[in-house]
Amino acid sequence: NNNNNNNNHHHQQIHRLDQNIVLVTSGLIGDGRFLAGFLRRHCQEHRLTYGEPPTCDEIARRASQLQHQLTTTRGYRPLGCYTLIAGISRQKQQQQQQQKIRLFLTEPGGGVEECSFAVLGKHSDPMLKFLNQRHQKDITLEEATSTFLKSLDKYDHQCDVWLLSLNDTGNIDIICAKHANQNTISQLAAHLQ
């Protein structure tokens with residue numbers, strides 16, 4: 001039964017906002033659900049108004065605006081969650097449609113930044129510092145996997161790894177490895193190749 005509660009906890013941290021946008025939260029689950037509902041409605045309104053899905057960076061900006069607004073509005077409290085917003089960016093280059101996944105981190109105070117990778121949760125600061133020191137712009141999947149495994153070994157923390165990838169239909173697939181270890185990380189990396 002405890003394992004079942006643990007599974008439900010993980011499902012409450014990830015929310016599909018739109019066909020190509022996903023929200024992952026860390027912190028207070030209720031605040032994460034509130035923000036997910038707000039952003040999901042925004043995505044629907046955008047589709048109805050403009051006839052197309054919103055962009056990932058637009059949703060990240062909207063999330064940060066709400067988070068900041070709640071810190072400055074009397075009678076409200078800041079949301080107690082950090083978020084990662086991942087989405088597919090479609091850009092036309094030389095008559096062809098290019099797709100890539102973009103990742104944004106928002107903070108409870110309303111800060112937002114685009115990032116290549118992110119670490120959220122209880123022991124994120126030392127692990128993020130370690131990964132930032134070893135991050136390279138054009139890192140291969142094997143190098144990224146190796147660096148991440150070293151950070152797991154160094155800090156000996158249990159963590160969940162969320163893998164977001166583009167599928168054949170151009171949508172986001174989500175895979176979660178709970179309590180990741182070297183074996184599960186290697187399996188996830190093999191899945192990407």
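**Strand pairing, cores and salt bridges in the predicted model**

Strands β1 and β2 pair in the antiparallel sense over four bridges, where two strands are taken to pair if DSSP finds at least two bridges between them. The structure is a predicted model, in which local features need pLDDT of at least 70 and side-chain atom pairs count only at pLDDT 80 or more, whereas totals for chains, interfaces and linings use all residues. Residues are numbered from 1 along each chain as its sequence is written, and side-chain values use heavy atoms, with hydrogens and water left out. Within the β1–β2 pair, a hairpin joins the two strands through two residues, and R16 has V22 in β2 as its bridge partner. Four of the five residues of β1 are buried, so this strand is largely enclosed by the rest of the structure; here buried means under 20% relative accessible area, exposed means over 50%, and partly exposed lies in between, as computed with a 1.4 Å probe on protein chains only.

The protein as a whole contains six helices and seven strands, these being DSSP runs numbered from the N terminus, with helices (H or I) of at least four residues and strands (E) of at least two. Read from the N terminus on, the elements follow the order α-β-β-α-α-β-β-β-α-α-β-β-α. Of the 193 residues in the protein, 37% are buried. The protein exposes about 11,800 Å², of which carbon and sulfur atoms supply 45%, the areas coming from the Shrake-Rupley method with a 1.4 Å probe and, for residues, with only the protein chains shown counting as cover. Contact is defined as heavy atoms within 4.5 Å, and among contacts between residues at least 6 apart in sequence, 53% join residues at least 24 apart.

In soluble globular proteins, nonpolar side chains tend to be buried together. A nonpolar core is here a set of buried Ala, Val, Leu, Ile, Met, Phe, Trp, Tyr and Cys residues joined through side-chain atoms within 4.5 Å. The largest such core holds 18 residues, of which L17, L23, L35, L39, I59 and I85 touch the most other members. Two or more residues of this core come from each of β2 (21-27), α2, α3 and β3, and α3 gives the most, with six residues. When residues up to four places away in sequence are not counted, L35 touches A63, L66, Q67, L79 and T83. A second, separate core comprises 10 residues, including I14, V22, L103 and C115.

Five salt bridges are counted in the model, each defined by a side-chain nitrogen of Lys or Arg within 4 Å of a carboxyl oxygen of Asp or Glu. In one of them R47 is joined to D18, with the closest N and O atoms 2.9 Å apart. This pair links distant parts of the chain, since R47 belongs to helix α2 (residues 29-50) and D18 to strand β1 (residues 14-18), 29 residues apart. R47 is partly exposed at a relative accessible area of 32%, whereas D18 is buried at 11%. A further salt bridge connects the side chains of D31 and R77 at 2.8 Å, N to O. D31 lies in helix α2 and R77 in the loop between α3 (56-72) and β3 (81-93), so this pair ties together parts that are 46 residues apart in sequence. In this pair D31 is buried, with a relative accessible area of 8%, and R77 is partly exposed at 48%.

The side chains of D57 and R102 also meet in a salt bridge, with an N to O distance of 4.0 Å. This pair again links distant parts of the chain, D57 being in helix α3 and R102 in strand β4 (residues 96-106), 45 residues apart. Here D57 is partly exposed at 22% relative accessible area, while R102 is buried at 16%. Both residues belong to a network of salt bridges that links D57, R61, R102 and E114.

Helix α2 also carries H46, which is buried at 9% relative accessibility. The side chain of H46 reaches the backbone oxygen of E52 at 3.0 Å. With neighbours within four places in sequence left aside, H46 is in contact with G51, E52, P53, P54 and E58.

Technical notes:
Polar contact = N/O pair within 3.5 Å; in protein donor to acceptor, adjacent residues only side chain to side chain.
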